[in-house]
Amino acid sequence: MRINPGKCIGCGQCRVFCTMGCIAFVRKEKGGQVQCRVDEDECVDCEVCLRAKACPTDALEQPPAVWPRSVRGTFSNPLVTHKETKVPGRGTEEIKTNDVTNRYKHGYVGISAELGRPVLGARLRDAERVFMALAPLAVEFEKQNPLTSLLADPATGKLKEDVLDEKVLSCIVETVAPIERAAEILDALDKVAGEIESVFSVDIISRVADDLSVPALEMLKRGKRPYAPNGKINIGLGRLFIKGAGC
Amino acid sequence: MSHTLHRQGTADNLSGDYVLLAMSAKGVNAVNSSYALKDFFSIINKHDWANMGEVKVGGAYIASFQDIVGGVRDTSVAHAVFRDKDEFARVIAQVKKADLGLSVTISGLLGNLNETLEANGIKPHTVEVSLGIKGKTERLPHGDLLQITTMCGHGMVSQALVRKTLVDIKRGRVSLEKAANLLATPCACGIFNPRRAQLILEELMDTWCTDEP
């Protein structure tokens, strides 16, 4: 995002909408006109300020982004649909359609680390650190996840060199593994947490067993790993044939 | 895409926060699913919702119901938020009865969700929980702010906007309700719960200063 200095009147109405807090007041010389300026290196191109229509002079402008800058908008602006997944946002359909896709099978867990969430955003270099922490465990990185497509070498977890300094609002390292591997994956995430510059939010996914127990939650309790009291449940109403679809 | 997970809060204020979303699966049953998604929104609109939306159009605090439904496509994810557990249970009952075939995911306190499902004779299929935040957590803003900002899982609600609304409320420039509704506007999916935000803001009025980190 940029602010056109020929239009900006320095009112600052845009500043509070900035998710990265990277719009500052500046002036060229003492006593001169105050204006707002975006720190483009910190900006993640989420376009929240633009959509807020806060600028009274239409000074906010989103320049066309070329590679590798273009990854910022695709990971940070949920209105952008990824070419790879055809899903708006940073991740996949994950549990939301598991009742028809069976992406997460009995005996398996999904474990994700969402870099930059909450609030801070993250450089993709942090995502690489997490990938490299998990790659030696030979976990399966979710192929439908747009971040996975930026891997230069899935075996080592190295990302494409030219994207490492790009900053995004958030991006998700998404894995699927047998539940027996869950503890070592979580241990690896705990360890790499000390090596990153930002934060990441961790989640775990599990099918519900026939007796209504949730194997992943049982595993967490046994390992004395705390988890939030609130969560998500796919309630199993999905079917292959949708009402009114005529197929 | 865990945008309705990782909502932070107290057991008390999270008990007034229930998210519901419906979608078809790309490459499986998405073709012509828009009709069912529109039916889903029609069910939602017959109840006392706190927010609803579709990301390409926006949430109910920037778009009309007609615009939201008009923007529904086969690839849409339909979202809605409720503040009352009993009303949420009634919605779940109606969605089940409609038998749309869409995949439906709900978010909230797990104990309350399970009670709702049991009352409606629904067996949960898959569960996802948050294991918290790792890394440089000392860089995060105060937890009071995170209770509000994390209601938009895409991170569209800035901490600066929350701080500004707190100052504006304290100075009498805006009502609690209007401030909460303003905070809902950047959330394009319509999963931000402004009624819960209002309760949190009201609580913070007594304890919050403007110089917290």
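Some ground rules before the points. This is a predicted model, where local features need pLDDT of at least 70, side-chain atom pairs count only at pLDDT 80 or more, and totals for chains, interfaces and linings use all residues. Residues are numbered from 1 along each chain as its sequence is written, chains are lettered from A and ligands numbered from 1 in the order in which they are written, and side-chain values use heavy atoms, with hydrogens and water left out.

1. Overall build. Chain A has six helices and 13 strands; these are DSSP runs numbered from the N terminus, with helices being H or I of at least four residues and strands E of at least two. The C-alpha trace of chain A spans about 70 × 50 × 35 Å along its principal axes. Of the 247 residues in chain A, 56% are buried (buried is under 20% relative accessible area, exposed over 50%, partly exposed in between, with a 1.4 Å probe and protein chains only).

2. Contacts and charges. Take the contacts in chain A between residues at least 6 apart in sequence: 73% of them join residues at least 24 apart. Contact means heavy atoms within 4.5 Å. As for charge, chain A carries 35 positive and 34 negative charges, and their mean positions are 4 Å apart. Lys and Arg count as positive, Asp and Glu as negative, while His and the chain ends are not counted; each charge is placed at NZ of Lys, CZ of Arg, CG of Asp or CD of Glu.

3. Cavities. The structure holds seven cavities of 30 Å³ or more, and the largest cavity has a volume of about 160 Å³. Its lining has 20 residues, of which A:Pro118, A:Val119, B:Thr149, B:Cys152 and B:Gly155 are the closest to the centre. On a 1 Å grid over the protein atoms alone, a cavity is a set of points where a 1.4 Å probe fits but cannot get out, a pocket is an open set with protein on both sides within 12 Å along at least five of seven lines, and lining residues have an atom within 4 Å of a point. Grid points are joined across faces, edges and corners, and a volume is the space filled by probe spheres set on the points.

4. The largest pocket. This one has a volume of about 380 Å³. Of the 21 residues that line the largest pocket, A:Thr19, A:Met20, A:Gly21, A:Leu120 and A:Lys167 are the closest to its centre. The elements giving two or more residues to that lining are strand 6 (122-123) of chain A and helix 7 (159-170) of chain B.

5. Two cis prolines to look at. The peptide bond from A:Trp67 to A:Pro68 is cis, with omega near 0°, and A:Pro68 lies in the loop between strand 4 (60-61) and helix 2 of chain A. Another cis peptide bond joins A:Arg117 and A:Pro118, with omega about 5°.

6. Positive phi. A:Glu47 is not a glycine, yet its phi is positive at about 70°. A:Glu47 lies in the loop between strand 3 (35-38) and helix 1 (48-51) of chain A, and it counts as partly exposed because its relative accessible area is 23%. A:Lys224, also not a glycine, has a positive phi of about 55°. A:Lys224 belongs to the loop between helix 6 (215-222) and strand 13 (230-234) of chain A; its relative accessibility is 74%, so A:Lys224 counts as exposed.

7. Is A:Met1 buried or exposed? A:Met1 is buried, because its relative accessible area is 3%, and its place is in the segment before strand 1 (2-3) of chain A. Leaving aside neighbours within four places in sequence, the contacts of A:Met1 include A:Val38, A:Cys43, A:Glu47, A:Leu50, A:Leu60 and A:Arg69.

8. One more loop proline. A:Pro78 sits in the loop between helix 2 (70-76) and helix 3 (98-101) of chain A. With a relative accessible area of 2%, A:Pro78 is buried.
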